[in-house]
Amino acid sequence: AFWLYNAQPIKIDPDNRPQPMYVEFLTADHQEPVARLWYHVNFFGWRPLGFRYDLLPQMKANLSRIHGIRFYAPPNIDQGIFY
């Protein structure tokens, strides 16, 4: 699990719907991620985000090999701060 902070409420625009934030789980010896998840940033303030590793077979089989995590901001959000 991790905490995500959104400083401004997302305004829903039918012509420009919010895009998800992607999280990739990486190993030290492969360039391709073990798993890629997405979360919608459709909230304001702090929110804990998490999932159960054992629900994704590719995570369960490679859990001990996870070496890093990469975050991709939603493509239609033009600014933000990563802590």
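User: Is arginine 65 buried, partly exposed or exposed?
Analyst: This is a predicted model, where local features need pLDDT of at least 70, side-chain atom pairs count only at pLDDT 80 or more, and totals for chains, interfaces and linings use all residues. Residues are numbered from 1 along each chain as its sequence is written, and side-chain values use heavy atoms, with hydrogens and water left out. Buried means under 20% relative accessible area, exposed over 50%, and partly exposed in between (1.4 Å probe, protein chains only). The relative accessible area of arginine 65 is 32%, so this residue is partly exposed.

User: Which residue does arginine 65 meet in a salt bridge?
Analyst: A salt bridge is a side-chain nitrogen of Lys or Arg within 4 Å of a carboxyl oxygen of Asp or Glu. For arginine 65 the N to O distance is 3.3 Å, and the partner is aspartate 29.

User: Is glutamate 24 buried or exposed?
Analyst: The relative accessibility of glutamate 24 is 8%. The cut-off for buried is under 20%, so glutamate 24 counts as buried.

User: How many residues apart in sequence are the parts that glutamate 24 and arginine 70 tie together?
Analyst: The side chains of these two residues form a salt bridge at 3.0 Å, N to O. Glutamate 24 lies in strand β2 and arginine 70 in strand β5 (residues 66-72), so the parts tied together are 46 residues apart. Strands (E, at least two residues) and helices (H or I, at least four) are DSSP runs, numbered from the N terminus. The separation asked for is 46 residues.
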